[in-house]
Amino acid sequence: MDVVIREANIEDAPLLAHLTRNCWAGKVAATSSGHQESSEKVEHELLQGGGFVLLVNDEPAGSVRWLPIDDDGATWEMRRMGILPAFRGEALSQHLLEAVIHHAQTSGVEELRLGVRTDQPRLVDLYAAYEFELAPELEYVHANPNEQPPHVMRRFLR
């Protein structure tokens with residue numbers, strides 16, 4: 001299996017929207033806004049932050065995005081990480097996670113944050129293995145007001 005991570009560009013917005021919707025189908029609660037991900041929203045987020053596409057044997061298999069959440073860009077939020085069902089079970093999400101961590105470190109970012117839905121507690125352990133810690137004092141900016149707020153996790157990079 002040939003695994004490649006490449007940085008997403010604006011032309012990838014439709015691909016990332018498609019990957020998010022398909023990675024989350026049947027995996028994330030139907031009330032998640034990820035199921036309505038649009039190319040326009042992805043393009044807007046790519047212009048503000050960035051993203052990676054994971055390719056397996058040259059076929060798109062997953063993606064992740066990030067956005068700065070403060071004015072100086074010292075803190076990024078990881079968003080919308082997912083792997084297509086056909087490629088699950090190979091620990092591929094770890095490649096995306098490591099790519100974001102490395103990119104953030106080389107970009108001078110001081111902190112990474114992410115939200116974990118309360119109905120997906122197993123993800124807390126995955127992120128904890130990469131030195132993310134629960135941060136109950138932080139509020140998730142993109143929380144759906146009709147759902148229980150997700151757990152916020154953070155990792156300091158310096």
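Helices (H or I, at least four residues) and strands (E, at least two) are DSSP runs numbered from the N terminus. The model is predicted, so local features need pLDDT of at least 70 and side-chain atom pairs count only at pLDDT 80 or more, while totals for chains, interfaces and linings use all residues. Residues are numbered from 1 along each chain as its sequence is written, and side-chain values use heavy atoms, with hydrogens and water left out.

**Helix 2: buried side**
- Val42, Glu45 and Leu46 are the buried residues in helix 2.
- These residues cover an arc of only 100° around the axis, which puts them on the same side of helix 2; the arc is that of the directions from the helix axis to the C-beta atoms.
- The cover over the buried residues of helix 2 includes helix 1, strand 2 (50-56), strand 3 (59-68) and strand 4 (75-83).

**Helix 1 against helix 2**
- Helix 1 (residues 13-24) and helix 2 (residues 39-48) have axes that come within 8 Å and cross at roughly 115°; axes are lines fitted to C-alpha atoms, for helices over the stretch in contact, and angles run from 0 to 180 degrees between N-to-C directions.
- That makes helix 1 roughly perpendicular to helix 2 (65 to 115 degrees; under 35 is roughly parallel, over 145 roughly antiparallel, the rest oblique).
- Ala13, Pro14, Leu16 and Ala17 of helix 1 meet Ser39, Val42, Glu43 and Leu46 of helix 2, where contact means heavy atoms within 4.5 Å.
- By class, the contact of helix 1 with helix 2 has 6 nonpolar, 1 polar and 1 charged residues (Ala, Val, Leu, Ile, Met, Phe, Trp, Tyr, Cys and Pro count as nonpolar, Asp, Glu, Lys and Arg as charged, and the others, Gly among them, as polar).

**Tyr140**
- Tyr140 sits in the loop between strand 6 (133-134) and strand 7 (151-156), and Tyr140 is buried at a relative accessible area of 17%.
- Tyr140 and Val152 are 12 residues apart along the chain, and their C-alpha atoms are separated by 6.2 Å.

**Loop between strand 2 and strand 3**
- Asn57 lies in this loop and has a positive phi of about 50° although it is not a glycine.
- Asp58 is also found in this loop; Asp58 has a positive phi of about 70° and is not a glycine.
- Asp58 is exposed, with a relative accessible area of 66%.

Methods. Buried < 20%, exposed > 50% of the residue type's maximum accessible area, 1.4 Å probe, protein only.
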